6 protein chains.
Amino acid sequence: MRRVAEKRCVYPGSFDPVTNGHVDIIERAAALFDEVTVAILHNPAKTGRFPVEKRMEMLKKACAHLPNVRFDHFGGLLVDYMRRSDCRVVVRGLRSTADFESESTMAQLNRALAPEVETLFLPASPLHSVVSSSAVREIALFGGDFSPFVPACIVQDVQNAFDPKP
Amino acid sequence: MRRVAEKRCVYPGSFDPVTNGHVDIIERAAALFDEVTVAILHNPAKTGRFPVEKRMEMLKKACAHLPNVRFDHFGGLLVDYMRRSDCRVVVRGLRSTADFESESTMAQLNRALAPEVETLFLPASPLHSVVSSSAVREIALFGGDFSPFVPACIVQDVQNAFDPKP
Amino acid sequence: MRRVAEKRCVYPGSFDPVTNGHVDIIERAAALFDEVTVAILHNPAKTGRFPVEKRMEMLKKACAHLPNVRFDHFGGLLVDYMRRSDCRVVVRGLRSTADFESESTMAQLNRALAPEVETLFLPASPLHSVVSSSAVREIALFGGDFSPFVPACIVQDVQNAFDPKP
Amino acid sequence: MRRVAEKRCVYPGSFDPVTNGHVDIIERAAALFDEVTVAILHNPAKTGRFPVEKRMEMLKKACAHLPNVRFDHFGGLLVDYMRRSDCRVVVRGLRSTADFESESTMAQLNRALAPEVETLFLPASPLHSVVSSSAVREIALFGGDFSPFVPACIVQDVQNAFDPKP
Amino acid sequence: MRRVAEKRCVYPGSFDPVTNGHVDIIERAAALFDEVTVAILHNPAKTGRFPVEKRMEMLKKACAHLPNVRFDHFGGLLVDYMRRSDCRVVVRGLRSTADFESESTMAQLNRALAPEVETLFLPASPLHSVVSSSAVREIALFGGDFSPFVPACIVQDVQNAFDPKP
Amino acid sequence: MRRVAEKRCVYPGSFDPVTNGHVDIIERAAALFDEVTVAILHNPAKTGRFPVEKRMEMLKKACAHLPNVRFDHFGGLLVDYMRRSDCRVVVRGLRSTADFESESTMAQLNRALAPEVETLFLPASPLHSVVSSSAVREIALFGGDFSPFVPACIVQDVQNAFDPKP
């Protein structure tokens, strides 16, 4: 058995766009590991609302205060990305029992595919437990005030994406 | 913000007695951290089936193959124990949505009491998702075969505790 | 703090079509409040099976025995509609833990957007706990007998929408 | 059918002791109804940690800013108390799916016993979703800092109950 | 592999006392199997409210219309009882996700102990989904009307057990 | 009431493609009933990944060791298929509380449509509790090793469907 403590973790997600809930998990992971890689999953079959480059730009702004966080993107299976990255720890947040059900199934599947990869779950902070990227998009689409749910530094980026073009 | 990766974690529980599910979590934690402390909670108001000393003896036998695991016991609040131990990471396994509900509430309460203490959840391996100390005790009480659920090296210890005295 | 008891509530939904479960909630809300507004959400991005006008016509027939119920429709965010209507109480029924999970998240988001708006949940009556508009549409699509799930006065309306055109 | 809007509600519970989560529900109910009765259930078979008189004293202090809230206590079935009080609306908070499961079962039973009595559920505010009287008692028992979870004006009362007698 | 269709099943429970929910499951099981054995679990460590003999008497009255139902009682592990009875099918009702969680864990444990024993779950009828023996006992204890929840023929038996002795 | 024990059951599903979890349920059902019909639902509105003929071919290979299993396909409502087949027992597996929620709702709807049709639930074996056809398709799409999740005899069939055409 390996005895070297894991120093790095990957926090995968769509981040379409990054929310305060994501930043909370990233900050907490950054206090636990020497290096956190925030990895944007891009699904060729499902175009997100924001291009991957824009999502990464927003993530970088939102995490500028966290020196030990780096950013990446990947397609395909998470376990393949983990192996390419030579990293064995996935971090995910859990907001609700629905999250737990889908995330624990995913974690078990990933362990079946790559037994050395562990998924560690952090319970979402209560203040962020109702925030989701899809809620932010929905509120922005209808002109509501989504600013309580995303980092202040990306509010304008999100706004621009939903504003009617002149 | 602290930038030192956490090297140590505490896995608290009653371990009354240790099960294969516990050992699975301990092994996985031992592969993630430099040092894992398995900490037996002794509740003065609720006598367990086995004395704390016996629980620790069984834990030590069951984890003899894990050099970076140490054992301890504590009373009172987990957050006080964490601070006394100068450790910031609690590890817990999740077998079911019922586990998730009670464990995430506990984790949030602990964060409210000690914001620097994080609880990391590991999803129980499917094979161990139905095992519990209370099930082992119930099966043993009625003379059933509990041996699939506990480490082979403690089967006799458990048996002795439930055998009628001559 | 305001001390005037709330006299009006809004019961929002798709009502595509209205079911006996909806009517049960409307009747119970109508016994609790001076005025209940049943508000059809029309989502420009998701065409329903029935046009909004038809949904309202069916709702009016199904609630003809309830003098203190009025009908409306809206697009955009519920909280904006609530403010335009100068109403602070949303009523929603809960059939299952899945309903609870999604509805409580929605209610918390709405409180974050408009702190004065409260969502009150009524537990669905057991008899109606498995009924949904989507089940009615599915059963009707395949020529099954959906009549136990919708008010008698709209059975023919639903039937007509699914009958093959001559 | 009755057409008079309900002006009064009952918020029943053990309040052993009152928490910030309780006060949040009481404040929100007091903004929705002309009069809220906070009714302490005393169960002869289960002595609480605090005597009913002390629980009421703490509730009154915690709700001193709410002029339309009154206090009472009762034994036996809630539906009998509702009928004696000539009140038809029960208010309860929901913190989790576990809460939802037990509370909706209770509400359905009460409707079977007294069809005119409705239970309205308010989703707990995220900040208060992990607080419970039993957690407060547990933390206080072990000398932890429970003050974030209860109204400031009752902290000393709770402390006194758990301090070792000289 | 065995190819003989199972003709008999066991429906185990406490039946303290039998409810309409139990009778519904028994009737449905009796339509599926040639023979249903209703088996009362008596737990030496947990005295029920009714003696086992009285529980069986009430069950027999409640199922007098079902010729292919027989009655028994047992202590110890269910799997041992199944083997003594040479029966491989356990039937249980599911009322809620909480039921599902505890019952599926129990079923998996029993399969680990006796792989040939299967547990078949029937979803409780919506009308009976909130009924439980413990609710009946609680309502009876406080003099409420529990008669909607139990078979008419045992109402007096239950009443007698809770009436104050003269 | 009918007193003839049910000898036949239907196990409906999409089987797109068959997984080890499906085969486990089929084997267990085949040990409980004289005849099991595995019935592929084909939904005209939702094309599967594999044509119905291919799904049936794979099912037949995967169940070649089970002499009392036959195969069929159907469109429309399950209850209509059950009546055409003169069969009263539906068998379904339950992997999670999410499964339980959707499956028990479906079972109740089916009982409302056809009261003589019962749905029996088997708890999924822990080893198969995270396997699903959609996970197999996702893993295969990205070139991962899905072979632990499907019968060995169909691995090549699945592979072929996802291999890039030359």
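How many residue pairs, both at pLDDT 80 or more, are in polar contact between chain C and chain E? The count is zero, where a polar contact is a pair of N or O atoms within 3.5 Å; within protein, one must be able to donate a hydrogen and the other to accept it, and residues adjacent in sequence count only if both atoms are side-chain atoms.

This is a predicted model, in which local features need pLDDT of at least 70 and side-chain atom pairs count only at pLDDT 80 or more, while totals for chains, interfaces and linings use all residues. Residues are numbered from 1 along each chain as its sequence is written, chains are lettered from A and ligands numbered from 1 in the order in which they are written, and side-chain values use heavy atoms, with hydrogens and water left out.

**Chains C and E**

Four residues of chain C are in contact (heavy atoms within 4.5 Å) with four residues of chain E. The two chains bury about 310 Å² between them, 77% of it on carbon and sulfur atoms; buried area is the accessible area (1.4 Å probe) that two parts lose on being put together, summed over both. On the chain C side, C:Thr97, C:Pro126 and C:Leu127 lose the most area to chain E, together 89% of what that side buries. The side of chain C that touches chain E has two nonpolar, two polar and no charged residues. Here Ala, Val, Leu, Ile, Met, Phe, Trp, Tyr, Cys and Pro count as nonpolar, Asp, Glu, Lys and Arg as charged, and the others, Gly among them, as polar.

**Chains A and B**

For chain A and chain B, 37 residues of chain A are in contact with 37 residues of chain B. The area buried between them is about 3,100 Å², with 63% from carbon and sulfur atoms. Seven residue pairs, both at pLDDT 80 or more, are in polar contact between chain A and chain B. Helix 1 (20–32), strand 4 (89–94), helix 4 (97–113) and strand 5 (118–123) of chain A each give two or more residues to the side that touches chain B; helices (H or I, at least four residues) and strands (E, at least two) are DSSP runs, numbered from the N terminus. Helix 4 of chain A gives the most, with seven residues. The rule finds two salt bridges across this interface.

**Salt bridges**

Over all chains the count comes to 60 salt bridges. The table lists some of them, including one between B:Arg28 and A:Glu118.

| Pair | Closest N to O |
|---|---|
| B:Arg28 and A:Glu118 | 2.7 Å |
| A:Arg28 and A:Asp24 | 3.1 Å |
| E:Asp157 and E:Lys61 | 2.7 Å |

A:Arg28 and A:Asp24 both lie in helix 1 of chain A, four residues apart, about one turn of the helix. A:Arg28 is buried at 5% relative accessible area, and A:Asp24 is buried at 11%; buried means under 20% relative accessible area, exposed over 50%, partly exposed in between (1.4 Å probe, protein chains only). C:Glu116 is partly exposed at 34% relative accessibility, as is C:Arg83 at 44%.

Terms used
Salt bridge = Lys/Arg side-chain N within 4 Å of Asp/Glu carboxyl O.
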